[in-house]
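Hi everyone, thanks for coming.

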Amino acid sequence: MSGAKTFYVTTPIYYVNDKPHIGHAYTTLACDVLARFKRLDGYDVKFLTGTDEHGQKVEKSAEVAGISPQALADKNSANFRELAARLNCSNDDFIRTTEKRHVAAVQALWTKLVESGDIYLGHYEGWYSVRDEAFYGEDELVAGPNGRKLAPTGAPVEWVKEPSYFFRLSAWQDKLLEWYDANPDCVAPQSRRNEVISFVKGGLQDLSVSRTSFKWGIPVPGDDAHVMYVWLDALTNYITAVGYPDQGGDYARYWPADLHMVGKDIVRFHAVYWPAFLMAAGLKPATRVFAHGWWTNEGQKISKSVGNVIDPLELIEKYGLDQVRYFMLREVPFGNDGDYSHRAMVMRMNSELANDYGNLAQRVLSMIGKNCGNAVPVHGEFNDDDREMLDAAHGLLHKLRDAMDRQVFHEGLEALWVVIRAANGYVDRQAPWTLKKTDPARMGTVLWVLAETIRNLALLTQAFMPDSSAKLLDQLAVTERSLDRCGSHHALKPGTPLPVPQGVFPRFVEEQPE
Ligand code: ME8
């Protein structure tokens, strides 16, 4: 693939204090869809995910569980790795922050920041939230029950007083503002960008980047009393995975990352601290950070204490993998908050997958099977209706490409469904079952137009629903599946033998009470 355009996409690395849930699945899925799409579109892709294993939160969870932090990390990291596999994610690497390669990269970055004069020793006194692994200013806190002070996220805070190394974040305020200004797409969506810029304009304080009150972290080079702040450690994973501190090889090939996909809870770390660390080390910041919204469950905030955590593996079991992949990226405009409900899941699954897409494929392929000798039909001249249908199908690639580059998955899928619905309308209008008796040649043309439309649709749904799309393409005997096969140049060849058709998108049937 030398010379191919590259695309480097990352998920956050997830804390190992907890089991994976629907929120983690969501971010990883979104990245997988992009990675698959870009690969099919000819890019040399690197897709990274992994786990964040150090810090006080993990140390405390391990204490509660009565095991060592490393044992907790080993166990839970495996769950995240397994989740990515069960979601059929195509990640090229899975990084763990307890790996040697990562410790070396973080220590090299630290040393670089000391050399550049951006890290100095001082004393921290202020609020810290272990749950968020974040420092908060007095002015950011909110009043909780009984007048207790809470982080703006609702997490408890504690007063911390200890020696600490600081990163000279205040010195990077203007440089950051210049960077946002020169790169209008570097933080998305716009609402998050505005939030980040106003936070930076409000003034940046130097950031405490080491702790002495616990041990579970990467030691500060030359000062073993300190472990590094877990966010400096964690963010560095994105360059560890491309070989930093070596700046040849994969680093030269993939850095800067094209996209850090994150949830809106951690945009400040990715769009303020991380670019500042990188600039201070003389490295380029990532090209773009996209912060998506938050899932709730049947209208309620998802939390362990409420007991409404959604296990993505259970969803896959119940509804099917591609159904879940489709639902998550279709249901909510990407960037907005969204609500998971059984009802919404079944609606999407039955009306859009089974009825619209599945039915289209099913009726067209079974008519071809019965009436065209199990081969791609022969077509004659096209009329206006045929041409309109084909133009719509052949014009989809550039629409989807544009939507993917803006990470508006729902818009991309809607563009595909406009054509699916148009194709169902075309079947009804052309009524090939009637043509069978009155004009079999014309029936062949209509079925060919439909099969060719389905070929283009199935090529384009591959990134979202890899298995189901592969089944559709198998049924059309399409072997060339990269996106440069979309369009009229590679249209189906009449007479190509086809396998026996099979349904691809089952309906969800509610169990009837006895
Ligand atoms: O923050 N809805 O890890 P984390 C949508 N280790 N997305 C959700 C979600 C929800 N209800 N809940 C979680 C960390 N997420 C750090 C990251 S990166 C260098 C270090 C997703 O395990 C979302 O992507 O708390 C969010 O940003 C991430 O999980 C937080 O995962």
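Let's start with helix α6, residues 190-201, and helix α10, residues 267-280: their axes come within 10 Å and cross at roughly 55°. This is a predicted model, where local features need pLDDT of at least 70 and side-chain atom pairs count only at pLDDT 80 or more, while totals for chains, interfaces and linings use all residues. Residues are numbered from 1 along each chain as its sequence is written, and side-chain values use heavy atoms, with hydrogens and water left out.

A word on terms. Helices (H or I, at least four residues) and strands (E, at least two) are DSSP runs, numbered from the N terminus. Axes are lines fitted to C-alpha atoms, for helices over the stretch in contact, and angles run from 0 to 180 degrees between N-to-C directions.

So how do α6 and α10 lie to each other? They are oblique, given that angles under 35 degrees count as roughly parallel, over 145 as roughly antiparallel, 65 to 115 as roughly perpendicular and the rest as oblique. On the α6 side, E195, V196, F199 and V200 meet V267, R268, A271 and V272 of α10, where contact means heavy atoms within 4.5 Å. By class, that contact has 6 nonpolar, no polar and 2 charged residues. Here Ala, Val, Leu, Ile, Met, Phe, Trp, Tyr, Cys and Pro count as nonpolar, Asp, Glu, Lys and Arg as charged, and the others, Gly among them, as polar.

Now a second pair. α13 (342-371) packs with helix α18, residues 440-461, at an angle of about 135°, with the axes 10 Å apart. That makes α13 oblique to α18. This crossing is left-handed. From α13, residues including Y357, L360 and V364 meet a set in α18 that includes M443, L447 and I454. The contact is made of 13 nonpolar, 2 polar and no charged residues.

Grid points are joined across faces, edges and corners, and a volume is the space filled by probe spheres set on the points.

How many cavities of 30 Å³ or more turn up in the whole structure? The search finds 2. The largest has a volume of about 50 Å³, and its lining includes Y14, T28 and F80. α3 gives the most to that lining, with 3 residues. The second largest cavity holds about 30 Å³ of space, and here we meet α13 again, giving the most to the lining with 4 residues. That lining has 4 nonpolar, 5 polar and no charged residues.

Technical notes. On a 1 Å grid over the protein atoms alone, a cavity is a set of points where a 1.4 Å probe fits but cannot get out, and a pocket is an open set with protein on both sides within 12 Å along at least five of seven lines; lining residues have an atom within 4 Å of a point. A crossing is left-handed if the near helix is turned anticlockwise from the far one by less than a right angle, and right-handed if clockwise.
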